[in-house]
Structures are given as C-alpha cells and as structure tokens.
Amino acid sequence: RDAQHNGTYDFTGQLDRMQPIIEPYDLAFYNQETILAGAIAPASNYPRFNTPTQFGDAMLDAGFNLVSLANNHTNDMGVKGILASDVYWKSRPQAVTAGAYATKADSEAVHVYQLNGIKYGFLAYTYGINGTYLAEENAYMVDRINLAKMESDCNALRPLVDVLIVSVHFGSEYVNYPNTYQKNVVNKLASLNVDIVIGNHAHAIQPIQWIGKTLVYYALGNFISGQDGTERLIGLTSAIQINKTVWGNETIVTLSNLRADLNFTYYNKSKLNVRVYPWDEVTEKLVPNKAAWEAKYLAIVNAYGADITFGGVRK
C-alpha cells in the first residue's frame with residue numbers, strides 16, 4: 001500500500017538497497033510469484049493476487065532480467081490475467097521470461113538467447129495452479145511439471161545453447177529441506193545436462209547442491225515479502241560465474257565462484273515502509289539475534305555439500 005501515491009504506483013524505494021547488488025550482474029533471475037495483470041482488475045492480495053505492472057518495472061530497474069512466470073499463482077486472474085501479463089512482458093524486451101504464454105506457438109517455440117558470447121536457454125515449470133480452472137484448449141498457457149515434456153523441451157534446447165537454466169516451482173511450503181518429489185525432478189533435470197536448476201515455492205531457504213555439473217537451488221526463500229515471521233522475511237541471494245572457453249572445435253562451459261548471501265524484508269507494524277535490505281546492512285534492531293539466523297541458514301544452505309560462506313555477492 002505504501003507504494004501507491006495519487007492513484008499511481010512506484011515500488012523502486014522498496015528495492016533501492018538491493019539495486020547495487022543485483023544491477024552489476026549480466027543475468028539476474030527472479031520468480032514473479034504474483035501475476036502482473038495490472039489494470040484489468042483491482043490490485044489484490046492472497047489468495048488471488050493481482051499486482052500492478054509498476055512492480056515489474058521496479059524489479060527490472062533493480063537489475064533483474066530473467067523472470068519465471070510459472071508458479072501456482074499464474075492463473076489467479078484467469079486467461080485475461082495471463083494475456084495482460086504477456087502484453088506487459090513483451091513491452092519490456094530487456095527481460096527474458098518463460099513459463100506462461102499467450103499463444104500455443106509461443107509455448108512451443110525454442111528460444112535461444114545470447115549474452116557476452118554465451119548462448120543460453122531458459123525454461124520454467126510449476127507443479128500446479130492452485131486448483132484453478134484452465135480449459136484444455138488453454139492448457140499450454142502455463143507450463144506444468146511433466147517429466148516427459150521437460151525432457152523433450154531440454155533435448156530441443158541443449159544442443160543449441162552453452163548454458164541451460166530451468167526454473168521449477170515445487171515442494172512443500174515453509175520447510176527448509178526438499179522432499180522426494182523435488183529430488184526426483186531435480187535428478188531428472190541433472191540427467192538431461194541442465195546447468196542450473198532454480199527452485200521456488202517453499203517460501204523458505206533450502207540447500208544448494210551440485211549434482212555432477214548441475215547447480216541446484218532447491219528454494220531461495222522470499223526476496224520481498226509481506227508474510228509474517230522472521231523466517232518468511234529472509235531470502236537467499238546467490239551468484240555464479242559462467243565461463244566459456246573454445247579450444248578448436250571444442251567448447252567448454254564451466255560454472256565457478258559460487259557465492260551466496262541473505263537479504264531481509266522490513267515493514268512496520270502497519271505493513272508499510274517496505275524495504276529489502278542486503279544482509280550486510282541488517283542491524284540487530286531489524287533482525288534480533290542476527291548471528292543465530294545467519295548460522296541457521298548457512299547450515300541449511302550447506303547441508304548437501306555446497307561448502308560456501310555468506311558474503312561476496314557484491315561485485
């Protein structure tokens with residue numbers, strides 16, 4: 001609510017402390033949990049979200065440019081909402097999106113992107129859409145987790161790109177470790193030579209894991225949140241360096257310099273004055289027992305052998 005002024009919205013002040021961290025990176029991912037359907041319906045909260053498009057602008061201004069649109073809230077505003085979201089994102093060509101589509105042709109297209117001489121592909125899937133109705137003829141509009149389809153999609157992209165990134169919206173909410181379903185999906189993607197798997201849905205931080213050469217984030221927690229409880233207000237920011245070397249006819253792509261840190265969403269007792277803080281700017285006043293929270297999440301992140309320390313995401 002504090003982002004609304006005189007009938008317009010401006011969310012940039014909520015993200016200004018994170019912009020110096022996000023913006024320097026060439027590629028920066030986030031999951032757009034709420035549909036950006038804008039003016040087709042009033043802005044709305046749980047359980048059916050509709051978010052002003054100005055929030056997307058603020059995230060892009062902060063430096064994000066790789067956006068998953070596939071999650072359990074994608075159909076909150078129905079087909080009209082997905083179409084309105086599509087219009088918005090197509091008007092923002094600096095952003096690469098995946099997971100929700102206006103046409104069947106869009107959903108079936110194989111998209112290859114290039115940045116700094118590195119070709120990459122991006123796919124996104126969700127476990128479901130909260131039981132909302134999407135007619136069979138519109139089923140293509142939201143990519144659902146289906147191992148056979150995911151294999152087909154990955155096999156179509158893998159020979160064309162240096163790096164393949166897949167976002168998956170899955171798992172149990174508010175728990176810090178992945179369930180068997182998550183592990184099965186991730187192992188399948190690793191077997192398809194996906195380079196980076198980025199999970200969300202838990203609203204809680206879960207481990208980072210290497211499965212062979214595949215980097216897996218099971219869940220990043222909340223980047224910006226109005227949920228209750230400190231654990232719902234702490235998220236994970238992570239960075240990885242992508243290296244490409246060409247030796248004659250051979251191209252070698254490696255991931256290195258894995259880093260991670262925490263971030264925290266502040267709001268006052270009226271849930272106003274929302275602002276996301278990088279962890280190195282978080283005080284004991286903002287997060288009492290800050291060191292204990294940090295130790296807890298460091299143990300969780302490293303539970304599957306990631307072997308990283310927090311800090312170092314500032315470039």
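Biologist: What makes you say that Lys 315 lies over the face of Tyr 25?

Modeller: Lys 315 is 4.7 Å from the ring centre of Tyr 25. A charge sits over a ring if NZ of Lys or CZ of Arg is within 6 Å of the ring centre and within 35 degrees of the ring normal. One caution: this is a predicted model, where local features need pLDDT of at least 70, side-chain atom pairs count only at pLDDT 80 or more, and totals for chains, interfaces and linings use all residues. Residues are numbered from 1 along each chain as its sequence is written, and side-chain values use heavy atoms, with hydrogens and water left out.

Biologist: Why is the pair of Tyr 177 and Tyr 304 called tilted?

Modeller: Their ring centres are 6.4 Å apart and their planes meet at 50°, so the pair is tilted. Rings of Phe, Tyr and Trp (its six-membered ring) pair if their centres lie within 6.5 Å; planes under 30 degrees apart count as stacked, over 60 as edge-to-face and the rest as tilted.

Biologist: Why does this pair tie together parts that are apart in sequence?

Modeller: Tyr 177 lies in the loop between β8 and α7, and Tyr 304 in the segment after α8, so the parts tied together are 127 residues apart in sequence. Helices (H or I, at least four residues) and strands (E, at least two) are DSSP runs, numbered from the N terminus.

Biologist: Is Tyr 177 buried, exposed or partly exposed?

Modeller: Tyr 177 has a relative accessible area of 39%, so Tyr 177 is partly exposed. Buried means under 20%, exposed over 50%, partly exposed in between (1.4 Å probe, protein chains only). Tyr 304, at 27%, also counts as partly exposed.
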